[in-house]
Structure formats: C-alpha cells, structure tokens
Amino acid sequence: MDWEVVIGLEVHAQLNTATKIFCGCPTAFGAEPNSHTCPVCLAMPGTLPVLNAAAVDKAIALGLAIGAELNRHSIFARKNYFYPDLPKGYQISQYELPVVGKGTLTVQLPDGGEKVVGVTRAHLEEDAGKSLHEAFIGQSGIDLNRAGTPLLEIVSEPDMRSPAEAVAYLKKLHTLVRYLDICDGNMQEGSFRCDANVSLRRPDAPYGTRAEIKNLNSFRFLEKAIEYEIVRQRDILESGGRIVQETRLYDANRDETRSMRGKEEANDYRYFPDPDLLPLVLDEARIERVRATLPELPDAKRIRFMRQYALPVYDAGVLTAGRTLADYYEQVAVGVDGKLAANWVMGDLLGALNKAGVELEDCPVSAGKLRLLVQRIEDQTISGKIAKDIFEELFHRGGEVDAIIDSRGLRQITDVAAISAMVDAIVTAHPQQAADFRAGKDKLLGFFVGQVMKASQGKANPDQVNAILLERLQKG
C-alpha cells in the first residue's frame, strides 16, 4: 500500500506596525544591534506591557479575509521556555482563546484545480530576538531588536497532502497578507516564515507521528524539506522503525533535515494567563471599521480580471499575484485591449525587471508610458516589433513614447502605394522564388515578407505587407 503524506503549516507573519506589540520601540529592520530596545522589551523588572491596537486591527483583517470566527473575548498567555534571545524567559502569546478562530483558504493548485485548506486559528504573539553566530568565534551575539515585534501565527489544519499543495497554500497566504498590507512578506528578512508538520500514514488510517521542520523562509526550501522528510519517514517505517516526535531543521546546503530537539507539547510550555494584560475584547464597531478598510481580495480580483479584461485563468492568476502588479496592470489596460496589455506586462515588463533585478515599485517605465506604447501598436503608428525596441529604450534610457517614435522616424508605413512599390521591387528582384511560390511552396511567403520588412526598416505594416504580397504573387 502507498503512504499518504499529511502536512500542516504554522506560518509566522510579522505585522508591519510602526512599533512593537507591547512597547513603543520601532520595528524597522536593519538597525544596529540592540538599538531598538527599551526596558519593556528587555524585560527589566517592574515594566509592564501595553498592547498595540494596530496589531489587533491587522489580526482582525486577516480573520475577515479568510471568513474566520473572530473571538470577541481573547486572552494573552505566558508561554514559558528559555531561549538566550527571549529575555523574559517566557513569550507573551495566545493559547486557549486566540483572537482569530477557524477559517478557510481556497488554494489554486498547479494542475489547475482548487483545494480548501482549513485554518485552525491565528493568534497574536511577540517575536523573540536573534542569536548571531557567524561573526563570532566560540561565542554568540544577541540582537534584541526583533524581540517584541508583533507576530500573527496562522495555524492550518493538517489538510495538505503533497509538497506542491503546501507550497500553493503558503504562496496564497503570502499573497493575502501583502494584499491586506498587514505584513511585508519579506522572507529573506524573516518577516514571513513557517514551520511544517509532516507525517505519514496508510490511507484512511489515523494520523501518524509528526515531525516539525522549523523556520522555513522560502517556498523552495519548504518544498525540498517536505520532500526529504517524506523519504526519511517512509524509509524508517518500511524498515520497521518508529517515527520520533521531534523538531527538525532543514539544511539547504546538504538538502536534508536534521534533529534539533524533542518536540514540545502544550503542557511543556506551562501556559497560564498573563496577569499583566487584560483580556482583549472586540466590539462590532471595531470589526466593521476594519472590514471597511479591506481591499478587493485576490480571488475576487482574479475573477473580475477574467471577466472585465477577457483574460485566461493563467494570466489573471499571474497579474493578481501581487497587489502592486495588479494595480500597475489596470493602469496599463485603460482604453486598450486587455489581453494585449497583459502580454506586455507579463512578458516584456516582468522579463526586463527580472533581468535587471529591479522591483516593480522602482520600475523605470510608468504604467502610463506602457499604456501609450500599447495604444501606438493598436492605432498602427508602430508595429509590435518596433514597440519592443522603444520599450528597451524607455526601460534603459527613459524618454517619452511619441518623442522616441518621431526622433527615430519609426512611424509605421501604412500607405498602400508605398508598400505596393516595395512589394513590386522585391518580387521583381526574386523571380525564381516567385515562381516556386506559385508552384506550391507556400512557405516562401515568409521570405518575401522578410525582404519587404527589411527594405522598409521594419516600418511597413505587416498585415498590409502580407495582403499585398499575396495578391501580387498570385497574379503573377
């Protein structure tokens, strides 16, 4: 019998509030170590936490977006464990009563299908600091700038059955938190990371013993780590061994997971309500205020793009994968063919950005300029081929679309008499190829089109060239 893989993810999304969750220290990334700290996040005696209201609103937004239960009464708890970079010796988190309860996330799978993944909960907590090892020999440094940064931990049900499903779920959640503007989604900086719980079982059997793979900060690492863990657990089970419940780390250099520590259970943390924080109480007015700020969400936008711009599923999915990209596309598509605009954004624009290593926010070609370029193709001022040359100049040297067209004499030749004269000259100059075409070698039409386009320096209207050539060659 085959083994069935069972996967659940615990995603940690750093909320992009200006200050930490229980104090007024900045959350900005990249500051000098320990410069964004205060007595509260350093856990000095006598200090008291004060809850950041903006963090609560961002948690509410996530709950509304996934159709989750919002607990009107939730509790902060102390999760007790010792880490060198956790000064208090406990983490303020939520346990039995989280702010966000059960919800769902509909995921688009690589094969074109959909899967509904359950979300068990999403709770607010504080992040720990960071231990630094690379710059020290025989020692570790501690940077507490991150300690106290607000986290929303989003826990899924064990509903995923393959690495591909897990990656699709994580990508969908990554897109969602950025659409909602509650997390910047920067995986390299650790703003968005996940732990994967992986186990194997026979089909329809009870769940097997799981291993938790900690701190995965890329989609590729998630996929590779789960793939390795599936093989590791299968080999153990098929050789008669037993899976040990534990926490493991993924080593990307060796492409393997290795044991970190025995897996803790909830009772190991000795949770109890934090006596320094009152219960969090949500009223309907606050929830509705947050609801009114929600943007159009990715699924709704994707469906609208398909309907409004006549886009295929794939194009709509790519263009709505990020809110910035979707907004850029909509500006390009004003008054032009939606599919043509999509082709330019997905092909030339994203290709150029990727090649140059530039983010869309810093794109040198504005949406307005790209829209005008597409318009000039549609009104036959220029051909698609010439448009690509103009785009390259816009991207690398700047300028204005019409100014480039005029200064370089790129306006398309649409005068029938002028094109006919070029066609006559080319056909007369190649009598053998003309005779071969009339004898049935239809592919030679491409040869003649190429010769005319070369003679016109690419400026002759291709549709007119084809039509006039066919007529001239067939007449003999």
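On a 1 Å grid over the protein atoms alone, a cavity is a set of points where a 1.4 Å probe fits but cannot get out, and its lining residues have an atom within 4 Å of a point. What I am showing is a predicted model: local features need pLDDT of at least 70, side-chain atom pairs count only at pLDDT 80 or more, and totals for chains, interfaces and linings use all residues. Residues are numbered from 1 along each chain as its sequence is written, and side-chain values use heavy atoms, with hydrogens and water left out.

I start with the cavity. A search of the whole structure finds one of 30 Å³ or more. The largest cavity holds about 50 Å³ of space, a volume being the space filled by probe spheres set on the grid points, which are joined across faces, edges and corners. Which residues line the largest cavity? They are Cys 41, Leu 86, Pro 87, Lys 88, Tyr 90, Glu 126, Asp 127, Ala 128, Ala 147 and Gly 148.

Asp 127, one of these lining residues, sits in the loop between β6 (114-126) and β7 (130-132); strands here are DSSP runs of E, at least two residues, and helices are runs of H or I, at least four, numbered from the N terminus. Is Asp 127 buried or exposed? Asp 127 is buried, at 4% relative accessible area, where buried means under 20%, exposed over 50% and partly exposed in between, with a 1.4 Å probe and protein chains only. Beyond its neighbours within four places in sequence, Asp 127 has contacts that include Gln 14, Arg 146, Leu 151 and Arg 193, contact meaning heavy atoms within 4.5 Å.

Next, helix α4, residues 284-291. Its buried residues are Arg 286, Ile 287 and Val 290. Seen down the axis of α4, these fall within an arc of 100 degrees, so they line one face of the helix; the arc is that of the directions from the helix axis to the C-beta atoms. They pack against α1 (53-65) and β15 (280-281).

Now the second largest pocket, a pocket being an open set with protein on both sides within 12 Å along at least five of seven lines. About 1500 Å³ of space lies in this pocket. Its lining has 41 residues, with Thr 175, Arg 178, Val 318, Ala 321 and Gly 322 nearest the centre. Helix α2 gives the largest share of that lining, eight residues.

Last, Ser 366, in the loop between α8 (338-356) and α9 (367-378). Ser 366 is partly exposed, at 35% relative accessibility.
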